[in-house]
Amino acid sequence: MRRALKYLGIIVGSLVALTAIAFAVIVNLDFNDYKYLIEGQVREKTGRDLEIRGRLDVDISMRPSVTMTDVRMANAPWGTSPDMATLDYLSATIDLWPLITDNVVDVQKVELRGVNLLVEKNRDGHTNLEFRELKTRKETGETAPAQVSTETGPAGLSLPILRDVRLSDIQMRYNDLGTGEKRNLVVDNLSIGGEGPFAPLKIDLNGHADNIPLKLSGELGSPSDMLNADRLWTVDLSGNLAGTNLSIAGGIDEPAAGRGINVVISTDTSEIGTLSRITEPLAGQSVPNLGPLKLSILLSGDADKALSASDISVNLGKAGGLQLQVAGEVADVLKQKGVDLKGELSVPDISSLSAVAGQDIPALGALTSQFAVSGDVGTGVALNDFAFDLKRSGVLQLSGSGGVDDLLTQRGVDMQVKLLVPDMKALPAVNGTKMPDAGRVDARFNIAGDVAGKLAMKDLKASLGRKDIYQLVLNGGIADLMKQAGIDLGFDFATPNLARLSSLAQSDLPAMAPISASGRLKGGATDAASVEGLALKIGESDLSGDVTVASVATRPDVKATFKSNVLRLEDVTPKDGGKTASGGGGTASVPSTSSSGNNGRVIPNDPIDFSGLRMADADVAVSVAKLLVPGGQFQDGQVSLILKDGMLTVEPIAISDDKGGKLTGNASLDARREAAALKVDLKADKLEISNLMRLAGQRGIIEGPMNMAVAMTSTGRSPHELAAGLTGKFNALVTEGYVNSDETRKAFGKATQIIADILLGNSKEKRIPLYCFVADYDAKNGTVNTNSLVLDTRVSTILGSGGLNLGSEKLNLTVTPTRDVMGIGAKIPIRVQGTFAKPKVFPDPALTAVGIGSALLGGATLPLTVLGGAALAEDNNSPCVNLRPENREKQTQPQSTEQPATEQPATPKKQLEDAGKKALEGILGNILKKK
């Protein structure tokens, strides 16, 4: 037994001796001799160089300490600086006993000076904090390690106890090489310490972040209280960030575990706009000046379970300006669950929110709003009991109520909206543009759906306008507001005069008869659209039908069918249109030549934009039961229009008059090239000429049934080019009719009144009998030549010759009366020369057997006293002589029985009709040559 105890004593003594020797050796080691081992280990683990240029001292005891100076850590190879971090001085001391017994790190003292840390991100998104592990994962194909849990388990370390911490001259910089973003945090000094384990810790921080000053000071509970779960660890801190006061007050039951938190966090500033010093460098956005801000939150609970925010109170603004109040709670701040907030907003005038919206908001009046927000961020935060009212007396009233199922995803919107504007022109200008005089607006509708999906307008009932300008009533809805699809809107429109809409259209509109239109618009901006049940009424005229437009977004394809029971030309013709001005001194009434680029021409040379014909296709059919023109009417009108790939075809064109006359034909315009090709083919069979002239907007000088043939082609880019290229034929024949005296005198201006005098003489008749009118023209490249031109009435007989040039707009016409004007055998030719803009009309004595005198040579109007009865002199060589009443009577007398019936001359009417038919075939010239 003794021997055993002896050996045991020898062993224990040897161990103690060895321990003492080892401790003595370790204590007396110079760790500077082993810096290379530390540097090598760091290099092996990180791939970066660590260099301890200064001293490395370690004090081994139950309160060990370490001191290092002048330490540098290399940056990533792509970094902008060779060093990622530099350290001037570090000294730290900890107490091992709490670590051994309670697993708590008790930091007795830490002093850190002269730290410069640079964090960088390259253009590939990697930071210089990623060391060799990133490269190894790429080489081996391993995935990134799982995220480490931040929760503290039984074997994990709790929060450290800080007794005396001193930091100074600390700088942390951030540099994003991809975006150019840079950040800078500087801690000038930070001290945390107390007089003992049972004394509270005082904290004092001074620094700045991106030049934003930061101050924080106050007291924390003692280190003893921090370790004792039975005692409350108090917190009482206050500070200032960029002019905003901050405070944290309360206590924590178990600060090391983050349990039993019960602190009030509050902030206040005299002007919320001062936060721009924080938001501008961090987010690039400023905070508008909206007044004082006060915020208070009671934070309570456990950080590892549930941390709630209650007694939330937000007050922004002041009396006379924007005021926002929010109150409520959040059941779990960390998991963002149990949000329950209510608020009120009031603004004396919504224009004060311009700074918030980032754009000018007009002064539309006071805004009040109430709302409630509830739910979980993860599953949906709803906007409930939302109501707003925007009102300015006599100007605007906009109100709404409803909610949103999920504010974050903007789903489940359901809002009822009412809008009332007593007078649109009373609304304030927007961006300097005054509101139009559009009358009253009264609308009610529902907005429902998802902003990211389908947001619909439902149950729309709206009325707009003013009785003396226009009235528009809308009802229906739009299935998808964002895509403008699923439109289903009924409309009813009326205006007493189109001209009264000029201010709304920002263009001069013509005065017309009252207009009303109704129908239903369906479809969308990108798919097919249609107007169903269109009913249009202008004055006494009506038009009804349906219109569909397919492929709205790509190439529209329009199909339409219209019917009209009655269409009055006066209804669809502007009441203030067609005005002319008569001039003197040898010039006739002419259209305006003020269009740019016309150089004094009557026919404009402004390019016609044919591109619209190439942008869509169309198939339109129009039928008119009765077309009324002043003094006459047409019936059974049919027009079919087809547009395909820039080729416009109008076929058929068909219409009849009330006397059985017909007009048929077709037309086409090929706009597939820059210079469009025009082709017109028209034929008339016993069509009332005066009606046709009135339909074309001309005066009805001649009355009677007309046979006509028109075949013309041209190519051009403007009206002038089309006229200058006109090629084809025109011929017309009227065999029995009248010349309207009043219309004739109105049609000729002072400069051409001499022609009216020759036509009418001194006859007092309102309607002078017309024996025949024959016109036969050829056109080639804009040059129009007269083959035959004859007008024979009971008063006068006139032949025409010469031509005109539609390109140069020059006139070279001769009007020759075939009866004795002076009663002395003289037949005075009248020359028409000059241009369309400035025609010159004068008698030509060079072509006259006897001169008339200086008055007529000067181009003066031929007086009626000179015509006298001479204008009624007989000329048996007239082409229409057989149609005069006295000759018609001779033709109807009984013939001798000795004369075979086969040798009887044809009736005068039959003779002229035969001659007219030949004229239409190009043979009329031979008839006119017979004397």
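Two strands are said to pair if DSSP finds at least two bridges between them. Helices (H or I, at least four residues) and strands (E, at least two) are DSSP runs, numbered from the N terminus. The structure is a predicted model, in which local features need pLDDT of at least 70 and side-chain atom pairs count only at pLDDT 80 or more, while totals for chains, interfaces and linings use all residues. Residues are numbered from 1 along each chain as its sequence is written, and side-chain values use heavy atoms, with hydrogens and water left out.

The chain as a whole contains 19 helices and 45 strands. Of its 931 residues, 37% count as buried; buried means under 20% relative accessible area, exposed means over 50%, and partly exposed lies in between (1.4 Å probe, protein chains only). A contact means heavy atoms within 4.5 Å. Among contacts between residues at least 6 apart in sequence, 47% join residues at least 24 apart.

Strand β40 (residues 767–780) pairs with strand β41 (residues 783–793) in the antiparallel sense over ten bridges, and Ala775 has Leu789 in β41 as its bridge partner. Two residues lie between the strands of this hairpin, where Asn781 takes a positive phi near 50°. Next, a hairpin of three residues joins β41 to β42. These two strands run antiparallel and are joined by six bridges, with Val784 opposite Leu804 in β42.

Strand β42 (residues 797–805) is in turn joined to strand β43 (residues 810–817) by eight bridges, again in an antiparallel arrangement. Gly802 has Leu813 in β43 as its bridge partner. The hairpin of β42 and β43 has four residues between the strands, and Glu809 in the turn has a positive phi of about 60°. Finally, six bridges join β43 to strand β44 (residues 830–835), and these strands also run antiparallel. Here Lys810 has Thr835 in β44 as its bridge partner.

Two helices may now be considered. The twelve residues of helix α2 (residues 35–46) should span 16 Å at 1.5 Å a residue, and the end C-alpha atoms are 16 Å apart, which agrees. The expected span is 1.5 Å times one less than the number of residues. Which residues of α2 are buried? They include Lys35, Glu39 and Thr46. These residues cover an arc of only 55° around the axis, which puts them on the same side of α2; the arc is that of the directions from the helix axis to the C-beta atoms. On the other side of α2, Tyr36 and Lys45 are exposed. Just after the helix, Gly47 takes a positive phi of about 75°.

Helix α14 (residues 753–760) is largely enclosed by the rest of the structure, because eight of its eight residues are buried. Among them are Gln753, Asp757 and Leu760.

The interior remains to be described. A nonpolar core is a set of buried Ala, Val, Leu, Ile, Met, Phe, Trp, Tyr and Cys residues joined through side-chain atoms within 4.5 Å. The largest such core has 85 residues, of which Leu396, Met415, Leu427 and Ile447 touch the most other members. A second, separate core of 46 residues includes Leu687, Met708, Val734 and Val784. Val784 also stands opposite Leu804 in β42.
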